[in-house]
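Let's take a walk through this structure together. Please look over the sequence and the 3D view before reading on.

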Amino acid sequence: MLRYFSRRLAFAVPTLLAISLVLFVLLDLAPNDPTGQLPLTIPPEVREQIRDSLGLDDPIYVRYVKWLHQFFVNEPINLIEQAFGVEIGNSEERLRVRSWATRSPVVELIAERLPQTLWVVGLSYLIGILIALPVGVITAYKQYSWIDQLGTFVSMVGFSVPTFFTGLLAIIIFSVTLSWLPSIYDTTHEVTDLSSFWYQIKQILMPVLVLSLYNAAQLSRYMRASVLENLNQDYVRTARVKGLRERAILFFHVFRNSMLPVITMIALGVPTIFSGAIITEQVFRVNGLGQLLIVAIQGADIPLVQTLTFLFAVLIVLFNLIADILYGLVDPRIKYE
Amino acid sequence: MEQLTSTYPPRCPFWILLSCALLLWACSPSEKNPNVTKEEIVDRHLDVLYWQAPSTLNPYLSGGTKDMEAASMIIEPLAHFDENGQIVPTLAQEIPSFENGGLSEDHMSITWKLLPNVTWSDSTPFTAEDVKFTADYCMNDEMGCNALVEFQDIDEIVVIDELTVQLRFKKPKPHPFDAFVGSNNPILQKAQFENCTGLRAQECTEQNFGPIGTGPFKIVEFRANDVATYVANENYRESDKPYFQTATIKGGGDAASAARAVLATGEYDYAWNLQVEPEILTQMSQAGYGEIVTGYGSQIERLMLNFTNANSALDLDKRSVYMDGNNPHPFITDFNVRKALSLAIDRNMLVEHGYGAGGAPACNVVPAPLRFRSPNNDSCTESNVELANQLLDEAGWIRGDDGVREKDGVKLSILFQTSTNTVRQGTQALIKQMWSAIGVETELRNIDGAVFFGGDPASPDTLQKFYSDVEMYTNAFLGNDPESYLANFTCDQITSPKNDWLGTNVNRACTPEYDKIVTELSITADPQKREELAILLNDTVIQNYWLIPLIHRASLSARLYSLGGVRMNGWDSELWNVADWYRIEANVFIFKEAEVSN
């Protein structure tokens, strides 16, 4: 087990290095420019100076090595310094990965965005799972009944209607027409008492529900297929012959076995929480990691795009590993060599 | 199976209970409008929406309008432009002139007298040293200061006494109101930014995100690309202002949803830059919460006509390269073609479909201020397809079988590019239609704004390279004097591989006569003579059809009816007078409840 784990981890390092190089080259080939959003009244010579000050005139390999050094050496040292309050070397002079648009350290921008993304997208993922599992079980158990048809219909709608449509629809109904819920998410809102908690629930409700619908739609289909497959297995028949209660069969035998592939799906989906829900975040102005990424792409803020996309790659590799390990933990038949 | 189903379903699971509770809560009629509760708590709180979120509060380091405006609540220049483009003193006692001795007779210097007893928000005095420091800060070569153009003629800055500062120029400068006039070059506090000069400017995140200012507000928290939270500056020089105690600028989303948050739901007091299709804005305004406000500056949406051959079959060393005028465009260099292209365009229709209250038909390249506006070109607002057709017929451009005109094997077939933006694509489609009526075939192309406006010499799609026949974008001038803007069309500004495509004359039309008048303007101080020369230059550009002006664009924002004091400004930051903004007591929500009870 441990050997398997460390071997996989060792393999991850060259994979991630290769990903970072591909990302860097791709971003360098992209034709947009960080001075593109400046007003035209700023003359070309000044733009050239701005580009110079951002280090854009260095050749690509220099910039790549610089980024590697900043990301893998300087930023971790910085994190250690902040966590333990110590100073390692000359922290004043240490170059950090800086966003071109804000000129502030990328890591700080990401840390600032993490809470709202985890709250909104994470909560919707959780609620999506909570909805999807029972819906999957029930629709499978009552295959072709009206409840199955309804479940299929709702999940098809949830899966195929984009969130920018459902989100807008929710805003038009609940904010514009009914004036019940705020249409804009206030990221500075702090929960201090009951009424501010109430406001937090109100502002988080629409984005969370819109995203939950989408997440639940996908997972409930997997769950349904998995339960259906298990219901026809011999062990179910054996259990029934033994005279077990139907509820016990469904929830102790079938449910647990059906969870095996679904757990993998859930674990593999976790990185998408961090990458945010780009569109939903824009619609409700949640301004989390997804919005940070899209603004950075539009503004050609390459250090920020590079760092964010690379972190997402790390998460994906990591959760792939976690999914494999979880699989072994819940299913004793699987052995790691 | 019969028996099985009878034991099912189990007790109502938790998630069903949860959703039932949510549904009940959502349907409960006693729930109050969340806006009203919020409004009651934060009556003296100003909620502003900038859908392009501010990235920094140091306008010298970013230069996007959003950043400059978000900073303008905190840091101030010596003088602002008012809504008519007039210079009005802010941190200066008066505007320097020959009469008050502020301007020297030889145009080599300008002397500003600062308001006495002004303090920074940290209670330290504001002095001439801060002004000198700010200029030195921006003029540092290593820094990449984007307001550099306003400072570039300055030789040195001399502090005469604590409240007097003199800017000395390298050459005579008849219009010396560039530096420290307008919100894009405000004064920074020397004590705060002293260690942030040159390359270090980038690393001073704390300072860039929290400048200490003399303005009506100070920053509480700045989250880049998300939200800025302000509180009133208790050391502001007018003790009863600002009227609001706190303010936030929220960012993110898009223009249409920003308009909705003010006009349709009344959640926000003010929303900035709403270039949205006019019918959507009109529809939203009907909710009765607020209105659209517009401010005209010098923004002109124009068609640039490429005078060099941009044929994609040409080698890169020839394509769109000026070659002293020896690489002419096959048909745009024909005066009659250019004139016909302009005559065929119905500008009123473009305004109606794409701009509404946010634009007016334009016939000049210098549309404002009024004293620089040429009266000679106003007839362009009427399109004249007949005359256009006649001109082309007479010039020998004959319609072929496909309805497209041609002469000597050259077809009037135009590649027309612009940036990606729904209003621009709508305008493109309309113009294509209008040109087809005069036998001109048009192929449309749009390029992402970050590329088109990016100016990266390695990209073939920048507006400077102009690898197409016609392109459309908006340009304007800094401040209220068009001198440097009109100098964009001189021969030495032509973009080409020689200057790495850095230049401002992108359509590559120029004449020595025009250059001569530009030089004359740069040494003329007499206001009346300046107006005459500027109008002459404008008319040269327009009457030779170097470009085709389309729309005089306004800055377009929205305010709640309960927000008073807004003086919408197209020349400076829209928040330039935020100290005077106030809450109108007749609450808009009371008005709405009354309407419902009827």
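**A pair of strands to start from**

In chain B, B:Ile154 stands opposite B:Phe169 in strand E6(B). Before we follow that pair further, note that this is a predicted model, in which local features need pLDDT of at least 70 and side-chain atom pairs count only at pLDDT 80 or more, while totals for chains, interfaces and linings use all residues. Residues are numbered from 1 along each chain as its sequence is written, and chains are lettered from A and ligands numbered from 1 in the order in which they are written.

Now back to the strands. Strands here are DSSP runs of E with at least two residues, helices are runs of H or I with at least four residues, and both are numbered from the N terminus. Two strands pair if DSSP finds at least two bridges between them. Strand E5 (residues 154–161) of chain B pairs with E6(B) in the antiparallel sense, over six bridges. With two residues between them, E5(B) and E6(B) form a hairpin. E6 of chain B (residues 164–169) also pairs with strand E4 (residues 109–113) of chain B, again antiparallel, over five bridges. If you find B:Thr111, its bridge partner in E6(B) is B:Gln166.

Chain B also has an open sheet of three strands, in the order E13-E14-E15 with antiparallel pairing. Why is one side of E13 and of E15 left without a neighbour in the sheet? Strand E13 (398–399) and strand E15 (410–411) of chain B stand at the edges, each with a single partner strand, so one side of each has no neighbour there. Strand E14 (residues 405–407) of chain B is joined to E15(B) by two bridges in the antiparallel sense, and B:Glu406 has B:Lys411 in E15(B) as its bridge partner.

Let's turn to chain A, which has twelve helices and zero strands. Chain A is divided into domain 1 (2–84) and domain 2 (107–298), with bounds that come from an automatic or database domain assignment. The C-alpha centres of these two domains of chain A lie 34 Å apart. Along the principal axes, the C-alpha atoms of chain A fill a box of roughly 80 × 60 × 40 Å.

Finally, how do the chains meet? Two residues are in contact if their C-beta atoms, placed from the backbone, lie within 7 Å. By that rule, 60 residues of chain B are in contact with 55 residues of chain A.
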